Structure formats: C-alpha cells, structure tokens
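Hi,

Here is the structure I promised to pass on. Have a look at it first, and then read my notes below.

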Amino acid sequence: MSIAIPGPYIELRGTRPRGELSPCAEVLTSPFAGNDQSDIPAASGFGTLAKIVRLNHMAPKELPSLLGIRVRRADDLSAVMTFSEARQIAVARSLRLPAVPVEWNLSTWFPFKAPSSLLATGWTFRYCPECLPRGYHTLLHQMPWVHRCAWHDVALRDDCDHCGLPVAVKADWVAGANLECTCGQSPLDTDLILRATTPEGAKCFTDNYLRWAAEERSRSMLVIPDLAGNPRPALAALVELPAGWRRRFRAITDSRIDASLGPPPPFSLMHVRTLMSSKRAPLPDRNGLLELEQVRRDRPGFLTTPKRLAPMMSAVAANLALRLPAQSLTDREMSLFLNGIGLEAPKSFAPARRRFSGEVSMLPPSFIGGRQFLNLLCVHPCSYRLVAGLVDAALEGRNLFDFHAQASPQEFDLLMRSCGQVLARGYAEGLRSTLADHVPEIYIQPRLSPRLRQPWALLRKESGHLSSVRIAWIPLTYASRGEAAGLEAANQANQRRHRPVRRRRK
Ligand SMILES: [Zn+2]
Ligand SMILES: [Zn+2]
C-alpha cells in the first residue's frame with residue numbers, strides 16, 4: 001500500500017476557477033485559419049486537414065509540430081486520416097475539437113455493420129470536382145455505392161481533372177500547394193476556400209443520409225467472404241439506396257467509368273439476387289442447420305446435404321449433364337449425373353468414347369441410404385464457407401438450439417434457402433470448372449464456360465426478424481483455363497488454415 005504524503009498546500013484565495021487562470025486559455029480557441037468547423041457539414045478528416053494545411057501554408061515537415069501527426073512522405077494522407085484513429089485523435093486535439101467528429105469515421109457512413117477497415121483494401125481518394133476546390137470533402141464521396149455528388153449532380157473523380165493522373169494525396173507537397181498535381185493544376189483553390197460557403201444542399205443531404213445509414217446499420221449485416229479482394233464492386237451491388245436517391249447517385253451514365261471500383265466486371269459476369277422472406281414456410285428443421293456445420297471444417301470432404309437442399313444440388317448436376325456437348329460423359333457417368341432427379345439418359349444421348357473415370361463419377365451428388373452427399377472438393381471454399389457466415393449472421397451469437405426455438409418458420413426458411421442458393425451456385429460453378437479438366441469442349445461452349453465467383457451477402461432484418469438476404473457474386477480472375485487449378489489451390493489453402501506449419505526434417 002502506498003500512502004500519499006500531502007505536498008506543500010497552497011490555498012488560492014477567492015473563488016476564481018483554475019481554468020481562467022491558465023496562461024494557455026487564449027490559445028485554446030483557434031490556433032489555425034479555417035479551423036472553425038461549426039458550419040461545415042459532415043466534412044472528412046482528410047478534407048479538414050487539406051483545407052487547414054492550404055490556408056496556413058503548412059509544409060509536410062510541420063505536420064508533427066503543428067498537427068501532432070508523423071507520416072512518411074510516401075504515405076497516402078487521405079488513407080492515414082481515414083484509417084488511423086491515433087492520427088485522427090491527434091489532429092482533432094490540435095484543432096481544439098472537443099472529440100474526433102463522428103463523420104471522420106468511415107463506418108458511420110456504412111448502411112450495415114462493418115469496421116472501417118473494410119475499405120482499406122484498394123483505397124483511393126475520391127472527390128467531387130465542385131466541392132473540393134472550395135475545401136470541402138466528405139466521406140460520403142468515398143462510398144462505393146455513391147457515384148455522383150448528390151448536391152452538384154456531377155460524377156465523382158479519383159484523378160486530376162486536367163491530366164488524369166491520380167490525385168496527389170501523398171505527404172510530400174510544397175508549402176501552399178498541397179494536392180497540386182504534377183501538371184500544375186490543383187483540385188484545391190485557396191481563393192475559393194476563402195470566399196466559399198458550404199455547398200448548398202450538403203447539410204440537408206448528409207444529415208438525411210447519416211440518419212438513413214444509422215437506421216440501416218441497426219438492421220443490416222454484411223457477410224464478407226474469406227480472402228475477400230477489393231470489396232467495392234460487391235458493395236456497390238449489394239447496397240440499395242432509397243428510391244428517391246438512386247437517380248442522384250446513379251452510376252456509370254457518364255462516358256467515364258469510376259476507376260476506384262476496379263475494372264468493372266461485365267454485368268453478365270456479375271450476379272445479384274435478393275431472397276425475401278415468404279409467408280408460407282415449411283416447419284423448421286434443426287437437423288438441416290446442424291448438417292451445414294460441416295462446412296466449417298478445414299477438410300469438409302463430403303457434405304450430408306440437408307434434405308431441404310438436396311433437390312437443388314441434384315438439379316445442378318442433371319442440368320449440366322443434359323447441356324453438355326455430345327460424347328462428354330460415359331453411359332455410367334451420365335446415369336450418375338441424372339441419378340438425383342430420377343431420370344434416364346435421353347434417347348439422343350451419345351456416350352463418350354473413353355473409359356469410365358472414377359474422378360468424374362465423384363462429381364455428381366452420391367446417395368447412400370436415402371441421403372445425399374455432396375463432394376465439397378468441387379465447390380470453391382469461399383462459397384461453402386459463406387454458408388457458415390450466413391448462419392452466424394442469422395444466429396447473432398445464439399446457439400442452434402436457441403435459434404431453432406426462437407426463430408419464426410419464415411426466418412428459418414429464408415436462412416435455409418439462402419444457404420441453398422449459395423451452395424447450389426457455388427456447386428454449379430465448381431462442377432463446370434472441375435469437369436472442364438476432363439471435358440475440354442466445355443471451354444468452347446459460351447454458356448457452359450467455367451467461371452468462378454466470390455459471393456458476398458447482406459442480411460436485413462425487419463422488426464428483429466430476418467427479412468431478406470441479398471447475395472452478389474463477383475467474378476474471380478484466373479489465367480485462361482485456370483479455374484480447375486484455382487479451385488484445387490483454394491481447397492488446399494482451406495485445408496491448411498489452422499494447421500501449424502511444420503518444418504520438414506532433412
Ligand atoms: Zn459536390
Ligand atoms: Zn494533373
């Protein structure tokens with residue numbers, strides 16, 4: 001135990017509060033020009049910093065002493081001010097703000113629950129060419145589902161208006177010329193900043209947007225696939241804005257395509273589907289959910305398909321078999337592919353002139369004792385593991401027994417249908433990719449050509465109950481005819497997930 005020894009006690013006479021006696025009191029108000037944030041609606045941390053740096057003629061080397069942040073010259077200052085909480089706190093303190101404004105936090109702008117770091121991969125500074133010259137930037141303009149400035153109705157940009165080079169957001173400017181491009185043009189205009197007032201309509205719009213996003217966050221959950229790449233195309237497809245705003249934010253009507261979204265996947269390659277809760281739902285089957293737990297394993301092998309989903313998998317295999325070019329499968333293989341739907345091979349069927357392949361025979365679902373087994377080696381792990389993600393998001397920390405007891409039949413049904421949708425599409429794509437190794441003719445059939453996609457999902461609740469699941473499938477890129485090898489590598493990587501790396505003895 002320590003005993004506090006009282007030091008020499010000085011009594012301040014009178015009743016003046018100490019604060020007033022502080023010699024720093026004067027400095028506490030406004031240390032920089034352009035510091036007053038009171039009439040700037042929902043500006044970003046970087047926007048605020050860029051404006052203050054410009055108006056106060058700061059050089060990069062003065063950032064530590066004046067704004068309390070240390071950065072390297074090569075750092076993207078817009079990323080630093082978006083993703084580094086420590087730097088946001090330091091700048092807010094230097095600007096004498098009472099706290100870090102909530103609008104500096106990226107996740108405040110998300111209409112679903114997810115951490116800000118979600119957008120760190122592939123981050124590019126994006127701005128409105130009407131707002132930024134006046135010293136205004138908001139994180140709304142960084143949202144992948146927003147393509148235009150809602151109050152100026154102009155397309156957002158991530159490059160120099162003049163020469164098309166990326167915006168100079170690195171911490172290596174010449175004092176008084178931050179953000180200036182090597183071509184000499186600057187998206188910031190000191191005179192305009194000095195004269196400008198807040199963009200008209202920005203306050204009202206950002207207020208409404210933030211209110212909508214907060215409401216959506218309370219009932220929407222994003223399910224992110226394993227080893228997710230740039231999330232922007234998926235998010236742009238998943239987020240549905242209120243009808244009245246869609247026109248304002250509308251995408252890609254300009255000749256210019258938003259480069260920060262990455263190369264846009266052709267619409268035929270991207271696939272989006274929304275499943276809604278339906279009034280008529282079968283009685284919940286807890287065993288079905290228990291069986292799906294298998295997908296969490298590192299080596300899931302065969303999945304005992306929940307009874308509810310078995311017909312979907314059978315249909316996938318049969319549909320593919322019936323659409324294959326002539327002489328793709330042997331007689332026996334064909335009957336295995338059609339087994340699940342109880343059909344015989346059509347009369348027109350021409351069998352392949354090769355020997356029966358054990359490997360091909362493992363691709364369609366197999367049946368033992370009336371149960372269906374699905375070979376997960378021909379499903380990409382990002383698909384079957386998303387099934388686990390969907391279940392987790394719906395359960396929200398409850399165990400399967402509690403969920404079974406508490407969820408309505410409609411919720412249960414919607415969850416099972418969504419899992420089935422993800423599994424069936426993942427299986428259809430994986431099956432084509434694997435089979436193409438044995439039947440190369442598949443590659444020259446435009447409608448059958450192998451393609452692997454990564455599913456992302458957005459779950460929504462209405463008065464506490466799961467009401468819709470929206471799934472977006474984003475194409476994965478492989479070398480020409482590399483899908484089967486890519487699938488195999490992904491499955492092997494999945495098997496290694498939790499195993500410690502062992503050194504081989506020589
Ligand atoms: Zn604007
Ligand atoms: Zn330029």
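Predicted model: local features only at pLDDT ≥ 70, side-chain atom pairs only at ≥ 80, totals over all residues.

The four donor atoms around the zinc ion (ligand 1) subtend angles of 99 to 115 degrees, so the arrangement is tetrahedral (for four donors, that means all angles lie between 85 and 135 degrees). Those donors are C128 (SG), C131 (SG), C149 (SG) and H152 (ND1), at 2.0 to 2.3 Å; a donor here is an N, O or S atom within 2.8 Å of the metal (3.2 Å for Na, K and Ca), and water is not among the atoms, so sites may look incomplete. Along the sequence, the spacing reads C-x2-C-x17-C-x2-H.

Residues are numbered from 1 along each chain as its sequence is written, chains are lettered from A and ligands numbered from 1 in the order in which they are written, and side-chain values use heavy atoms, leaving out hydrogens and water.

Now for the zinc ion (ligand 2): C160 (SG), C163 (SG), C181 (SG) and C183 (SG) coordinate it at 2.2 to 2.3 Å. Its donor residues follow the pattern C-x2-C-x17-C-x1-C. C163 and C181 are 18 residues apart, both in the loop between helix 5 (85-94) and helix 6 (190-195). (Helices are DSSP runs of H or I, at least four residues, and strands are runs of E, at least two, numbered from the N terminus.) Is each one buried or partly exposed? C163 is partly exposed, at 37% relative accessible area, whereas C181 is buried, at 9%.

On to the cores. The largest nonpolar core has 60 residues, and L435 and L459 have the most contacts inside it. Such a core is a set of buried Ala, Val, Leu, Ile, Met, Phe, Trp, Tyr and Cys residues joined through side-chain atoms within 4.5 Å. Helix 16 (residues 409-438) gives the most to this core, with twelve residues. Another core, of 43 residues, lies apart from it and includes F110 and W123.

Last, S314: you'll find this residue in helix 11 (residues 310-323), buried at 4% relative accessible area.

Cheers

Notes. Buried < 20%, exposed > 50% of the residue type's maximum accessible area, 1.4 Å probe, protein only. Tetrahedral: all angles 85-135°; square planar, octahedral: opposite > 155°, others 65-115°.
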